[in-house]
Amino acid sequence: MNINIKNKKLNNWIKEVEDMCRPDDVYVCNGSTEEYNLMMGKLLASGSAIPLKKRPNSYLFRSDPSDVARIEDRTYLSTISKDEAGPTNNWIDPVQLKETMKRLYRGCMRGRTMYVIPFSMGPIGSPISKIGVEITDSPYVVCNMHIMTRVGSRVLDLLSNDGDFIPCLHSVGAPLPKGKKDVQWPCAPIEKKYIRLFPEENLIWSFGSGYGGNALLGKKCLALRIASAIARREGWMAEHMLILRFISPEGKQYHIAAAFPSACGKTNLAMMRPSLKGWKCECIGDDIAWMKIGADGRLHAINPENGFFGVAPGTSYSTNPMAMDTLKENVIFTNCALTDDGDVWWEGMTEEEPSHTIDWKGNDWTPQSKRGAAHPNARFTAPASQCPVICSDWENPAGVPIDIFIFGGRRGSAVPLVYEAFSWDHGVFLGATAASETTSANIGAVGNLRRDPFAMKPFCGYNMGDCFQHWFDMGDRLGNKAPRIFYVNWFRKSEDGKFLWPGFSDNSRVLKWMCDRVDGKVDAQKSPIGFLPKEGDLHLEGVNMSPEDMKELMKVNPEEWRAEIPGIEQHFALFGNRLPERLKKQLKDFISRLG
Ligand code: SAT
Ligand code: MN
């Protein structure tokens with residue numbers, strides 16, 4: 001081992017994992033640039049990393065075709081009782097599960113180096129931050145963790161002799177026999193891939209996958225699954241939300257946190273460039289918000305991450321110019337296509353397709369090919385500090401006070417562009433019943449409608465029924481200082497299947513209406529689902545849309561909404577006696593409003 005560690009718990013854990021996984025050697029990460037370069041050097045030498053001529057210090061990786069997204073089916077919550085995990089999580093008895101996984105971990109790092117990554121979610125040393133240590137056998141994970149979290153020896157100093165941390169164990173599950181050349185993307189077959197969370201012990205075990213949230217354990221596993229369970233116990237919130245600062249022409253700041261499922265445009269909204277004249281948007285985070293009630297009684301949010309792990313396809317200078325500018329250098333790309341002049345490319349990146357690329361599987365691709373050049377869940381890993389519109393307060397440990405919560409998802413029909421909850425309780429009902437068409441961010445079918453409460457279905461580290469109650473409890477504590485709650489749908493389609501709303505920079509028009517509502521500047525129109533903008537209150541000058549399409553986009557059809565009721569009832573029935581009475585009342589009121 002290259003560094004002498006003082007922390008007893010960490011030393012014991014390293015020893016225990018080493019005995020179980022049998023790596024050839026152990027390396028403790030210090031977070032330096034030299035270290036990043038050393039790791040990347042290894043990845044270049046093994047042929048895993050492809051340097052990009054067009055982007056300084058940037059590399060392309062191609063994953064194994066079996067390992068391209070999160071694996072919700074193989075993600076388990078291991079609480080002592082099944083009831084604590086609740087109906088939206090997979091559950092396995094923690095004792096039995098430890099045995100199964102220990103068997104898999106036994107000798108799994110043979111032929112590899114075991115990396116110990118001390119990291120902080122949130123600024124190092126801040127009272128709201130949490131320390132984790134990831135053990136992994138993947139140098140690709142080390143490089144990604146350098147970007148996505150704050151890695152370094154300073155974290156070890158903070159831990160000193162007896163500080164506590166969240167152990168995150170990861171292995172790609174592919175021991176390397178002596179003398180055998182490594183494959184480009186080592187991983188285990190799907191039936192051996194497991195992600196297991198022990199929220200009662202603050203422990204994370206991941207085996208067999210090297211991709212995204214399966215392997216970068218600070219993100220979904222620590223900052224959402226484990227943190228949401230801690231947050232509930234301690235009375236704060238860990239949510240799957242972007243955070244942005246929206247600034248009016250007069251310089252008034254509004255802070256907005258928005259929860260959409262993976263691959264529904266959080267990164268695009270977080271760094272949007274408003275089409276509304278005079279308005280500005282600054283990015284604080286694009287995926288995760290930790291929020292606590294401050295001394296002023298308001299809810300303050302921080303972004304615990306240090307980088308963006310964003311969906312590449314669809315990102316372009318017209319949809320998200322600030323993301324494009326973030327990606328100029330120091331970026332890791334995974335499963336994008338490679339152009340002939342040494343750049344990355346993905347569907348939607350340029351108006352014109354390149355005449356030839358190497359696709360994400362390493363094969364020749366031309367516009368005539370019947371398959372995508374990039375994988376639909378291809379990603380970029382980029383430092384947040386490189387975003388041209390990163391907010392000056394993005395690392396402020398005090399966080400920013402949230403004025404507005406937004407829920408939403410992908411809905412081709414029924415759900416209008418925007419509406420506002422009547423009250424906090426009604427807002428919790430909107431979050432609890434949020435539904436979205438599934439995306440390629442998870443392995444499985446794409447385009448199926450599913451209930452994804454608070455966009456947390458895959459990430460809630462305890463019983464979702466208790467999560468509903470936690471939202472009510474937070475609202476009670478916040479009282480009239482609670483953020484106002486809205487619901488949006490950028491994805492409604494016309495009868496001929498085209499998106500009705502241009503989205504992206506024009507979403508600023510929707511945000512402005514929300515700010516006007518918060519300021520009491522505009523009235524709204526009551527509908528059975530919530531408050532709708534009154535005609536003329538959504539500023540639409542310059543939007544290229546016919547009045548008929550606008551009407552279609554805002555339409556609330558009671559019949560379509562009545563058709564939602566059985567689905568909501570079924571969804572609520574899952575939670576049995578954990579379903580708060582206040583949600584039952586909301587459903588009853590909703591049904592009676594629909595008439
Ligand atoms: O792979 S991740 O889980 O980190 C990305 C996502 O689904 O949001
Ligand atoms: Mn996400």
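**Exercise 1.** In which crossing, left-handed or right-handed, does helix 2 pass helix 5?

*Solution.* The model is predicted: local features need pLDDT of at least 70, side-chain atom pairs count only at pLDDT 80 or more, and totals for chains, interfaces and linings use all residues. Residues are numbered from 1 along each chain as its sequence is written, chains are lettered from A and ligands numbered from 1 in the order in which they are written, and side-chain values use heavy atoms, without hydrogens and water.

Step 1. Helix 2 passes helix 5 in a left-handed crossing (the near helix is turned anticlockwise from the far one by less than a right angle).

Step 2. Glu35, Tyr36, Met39, Met40 and Leu43 of helix 2 meet Pro139, Tyr140, Val142, Cys143, His146 and Ile147 of helix 5, where contact means heavy atoms within 4.5 Å. These residues comprise 9 nonpolar, 1 polar and 1 charged.

**Exercise 2.** Determine whether threonine 326 is buried or exposed.

*Solution.* Step 1. Threonine 326 is found in helix 10 (residues 321-326).

Step 1. Its relative accessible area is 1%, so threonine 326 is buried (under 20% relative accessible area, with a 1.4 Å probe and protein chains only).

**Exercise 3.** How far from an oxygen atom of ligand 1 does a polar side-chain atom of serine 262 lie?

*Solution.* Step 1. The residues around ligand 1 (a heavy atom within 4 Å) include Gly213, Lys220 and Ser262.

Step 1. The distance for serine 262 is 2.8 Å.

Methods. Helix = DSSP H or I, 4+ residues; strand = E, 2+ residues; numbered from the N terminus. Nonpolar A, V, L, I, M, F, W, Y, C, P; charged D, E, K, R; others polar. Buried < 20%, exposed > 50% of the residue type's maximum accessible area, 1.4 Å probe, protein only. Polar contact = N/O pair within 3.5 Å; in protein donor to acceptor, adjacent residues only side chain to side chain.
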